[in-house]
Amino acid sequence: MSDIVKTLHYDVDPKDFDSVGEASGKTKNVLRQLGFPPEVLRRVAIAMYEGEINMVIHANGGTADVEISPKQIKITLKDNGPGIPDIEKAMQKGYSTASEEARSLGFGAGMGLFNMDTYADELNITTKIGVGTTVEMIIRT
Amino acid sequence: MKVKQVIQILDSKIITGEEFIENDVFSACGSDLMSDVLAFVKDQGMLLTGLVNPQVIRTAEMMDIHTIVFVRGKQPDDSVKEMAKERDMVILTTDYPLYVACGKLYEAGLSGGRPTL
C-alpha cells in the first residue's frame, strides 16, 4: 500500500528472554499515539508478541518490521531458524515442540500460531528447512 | 469490584500501584499459561497467576490487564516490580493457591467476563 504513515524495525534478541515482547509493546504504544482503537492495538500486540516468542523459542531471534497505514497494519517477522517441517501440524491448537525452559516461562503450549491466526486477518508463513521462516500478518483496522 | 476489595478478600499485600486501589476491576482470569491468557481476550482487567517472571507483565501489557495477583505466596523480583511500575500496573500477592483465590473472588461477585473480540 502506498499510504504507509510509519514503518518500524526491531531486532529480536535470541538470548534475552526477559526482553521478548519489547518490540510488540513499543509497537502498541506507537499505534496508541497514532490514535488506533484499543481492539486494533490488542490484536496487533498479541499477534506480534506470539510471533516474537516463537522467534526466540524456536529460531535464533530475528527481525520484526511493521508497516502502519490507516487501513491496515502489516507485521513481517523474519528469522534464520530451522524452519517449520509441518506447518499444518504446527497450526494445530496444543501442538508444540518447545523446550522445557519455554514451558516453564508460561509458553510452549501450542497456542502461538493458533493465536496469531485468530488475531490477524491474514497470516502467511513462508518456511524453508535449514534456512528460516518468514511470517507475514495483516491486521485490518 | 475495586482493587481495595480484592486486597481484602485475598488478604493481599500490595507490591506496587498503591495509588490505583480505588480503580474498578470488572472481571478476572486465572492461569499459569501465558499463551492461554493471550487466547481469550476479554475486558478482564485482572490476572491471577502463580508464574512470576517478566513475561507475565508483558502478557498483561498486550492484553490491557492492569492488575496482577501473584498467588501461593510468590514474590516478584525487582525487575518485575519495575516493569509493572513503568506500566502503571497494580501488583498484589496472596498466600492462597490459584483455585482458592479465584473461587473467593468469584464468590464475591467478580465474573470471568465475556470475550470482546
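**Figure 1. Chain A as a whole has the radius of gyration of a compact globule.** A compact globule of 141 residues would have a radius of gyration near 14 Å, and chain A agrees, with 14 Å. The model shown here is predicted. The C-alpha trace of chain A spans about 40 × 30 × 25 Å along its principal axes. Of the 141 residues in chain A, 49% are buried.

**Figure 2. Chain A holds 5 helices and 5 strands.** Along the sequence, the pattern of chain A reads β-α-α-β-β-α-α-α-β-β. Take the contacts in chain A between residues at least 6 apart in sequence. Of these, 64% join residues at least 24 apart.

**Figure 3. The lining of the largest pocket, by element and by residue type.** Which element gives the most to the lining of the largest pocket? H2(A) does, with 7 residues. By type, the lining residues of the largest pocket divide into 18 nonpolar, 12 polar and 4 charged.

**Figure 4. A:Ser104 sits in helix H4 of chain A.** Helix H4 covers residues 100–104. Is A:Ser104 buried, partly exposed or exposed? A:Ser104 has a relative accessible area of 47%. Partly exposed residues fall between the 20% limit for buried and the 50% limit for exposed. A:Ser104 is therefore partly exposed.

**Figure 5. Around A:Ser104: a polar atom pair and a neighbouring chain.** The side chain of A:Ser104 has a polar atom 2.7 Å from the backbone oxygen of A:Glu101. Which residues does A:Ser104 touch, leaving out those up to four places away in sequence? They are B:Leu51 and B:Asn53.

**Figure 6. A:Ser104 and A:Thr126, in sequence and in space.** The two residues are 22 residues apart in sequence. How far apart are A:Ser104 and A:Thr126 in space, C-alpha to C-alpha? The distance between A:Ser104 and A:Thr126 is 29 Å.

Methods:
Residues numbered from 1 in each chain as written. Chains lettered and ligands numbered in written order. Predicted model: local features only at pLDDT ≥ 70, side-chain atom pairs only at ≥ 80, totals over all residues. Heavy atoms only, no water. Helix = DSSP H or I, 4+ residues; strand = E, 2+ residues; numbered from the N terminus. Buried < 20%, exposed > 50% of the residue type's maximum accessible area, 1.4 Å probe, protein only. Contact = heavy atoms within 4.5 Å. Polar contact = N/O pair within 3.5 Å; in protein donor to acceptor, adjacent residues only side chain to side chain. Nonpolar A, V, L, I, M, F, W, Y, C, P; charged D, E, K, R; others polar. Rg over C-alpha atoms; globule rule 2.2 N^0.38 Å.
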